[in-house]
Amino acid sequence: MITNTAQPLHSPYRSRTVVPIPALQDNYIWRIGAGPAFVVVDPGQAQPVLDSLQASGGSLAAILVTHHHHDHVDGIPELVAHWPSARVIGPADCAAKGVREAVGHGDVVEIPEAGLSLQVVATPGHTQDHLSYFCPQLPEHPHPALFCGDTLFLAGCGRVFDGTLEQHFDSLGRLSTLPHDTQVYAAHEYTVTNLHFARQAEPDNERIAQRLQDALLLRAQGQSTLPGQLDEELATNPFLRSHLPALARHLPGGALPEGTSAFEVFVALRQWRNGFRPPAIN
């Protein structure tokens with residue numbers, strides 16, 4: 001049990017331009033912009049977005065969709081009913097979910113009302129249709145930003161549903177080449193569980209241990225652990241480190257043989273993570 005005696009913390013990468021809107025059990029809908037026009041990413045519920053925009057006195061310029069799962073799209077119809085002119089941008093396969101503008105890898109999305117220019121990155125694996133959105137520069141934000149849905153989590157990655165492990169491995173490799181100061185805005189608050197897993201996967205990595213303590217304190221204070229930063233992911237996220245020998249040493253059932261490929265280690269890590277349960281917190 002953590003005794004909270006410190007001053008309230010925030011993620012060191014928190015920005016006033018990008019605000020987390022908690023939704024459902026552990027989702028974040030990201031609100032982007034300094035107002036009065038905003039963009040939201042993956043609205044699995046409408047009411048939290050309506051409340052957030054009402055409190056800010058803003059309007060909805062656009063919705064960005066990363067993939068078709070219900071916890072990322074179910075709020076679209078109600079939001080569009082409130083703002084009929086709002087653009088709904090996402091994968092072509094999400095037309096039935098409300099997407100009006102289909103985009104794909106390499107496209108650039110311009111939303112001038114919110115001062116945004118976003119590059120579309122195909123990141124299949126979690127689903128076949130998954131997209132991420134990379135913004136080299138946000139208004140009043142000193143770093144690039146990545147809105148990556150369920151492809152990359154802080155210290156983890158998404159399960160594979162209708163995509164493939166090969167796709168997911170390649171997608172994470174693509175994201176890992178972005179600028180290292182990129183702020184990572186994932187769609188779920190899974191950080192503590194992911195870091196417990198990372199400690200098992202790489203027990204000698206002291207940066208993981210420190211990051212876990214920081215995340216536990218943030219959660220104990222009711223704070224979000226997001227966003228993170230890509231260089232921190234490259235140093236602590238086992239799914240971005242499967243090319244390192246250390247990640248083949250502590251797998252259930254024993255170490256993999258020398259010469260095992262990074263992809264094979266990634267597959268073993270993902271299978272282990274699928275059944276992993278963190279220690280109970282008293």
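Analyst: The model is a predicted one. Strands here are DSSP runs of at least two residues, and two strands pair if DSSP finds at least two bridges between them.

User: What makes S1 and S2 a pair?

Analyst: Pairing needs at least two bridges. 6 bridges join S1 (residues 18–23) to S2, and the two run antiparallel, so they are called paired. Proline 22 stands opposite tyrosine 28 of S2.

User: What is found between S1 and S2 in their hairpin?

Analyst: The hairpin has 3 residues between its strands, and leucine 24 takes a positive phi near 50°.

User: Why are S2 and S3 also called paired?

Analyst: The threshold is again at least two bridges. S2 and S3 (residues 37–41) have 3 bridges in the antiparallel sense, so the pairing holds. Tryptophan 30 is opposite valine 41 in S3. This hairpin has 4 residues between the strands, with glycine 33 in the turn at a positive phi of about 125°.

User: Why is S2 described as mostly covered?

Analyst: Buried means under 20% relative accessible area. In S2 (residues 27–32), 6 of its 6 residues are buried, so each falls under that cut-off.

User: How do you know that both faces of S2 are covered?

Analyst: Asn27, Ile29 and Arg31 lie on one side, Tyr28, Trp30 and Ile32 on the other, and all are buried.

User: Which residues does UniProt list for "domain: Metallo-beta-lactamase"?

Analyst: The unreviewed UniProt entry lists residues 26–188. Over that range the chain is 20% helix and 32% strand, with the end C-alpha atoms 6 Å apart.

Conventions
Residues numbered from 1 in each chain as written. Predicted model: local features only at pLDDT ≥ 70, side-chain atom pairs only at ≥ 80, totals over all residues. Heavy atoms only, no water. Buried < 20%, exposed > 50% of the residue type's maximum accessible area, 1.4 Å probe, protein only. UniProt positions renumbered as here; feature names shortened; annotations may be inferred.
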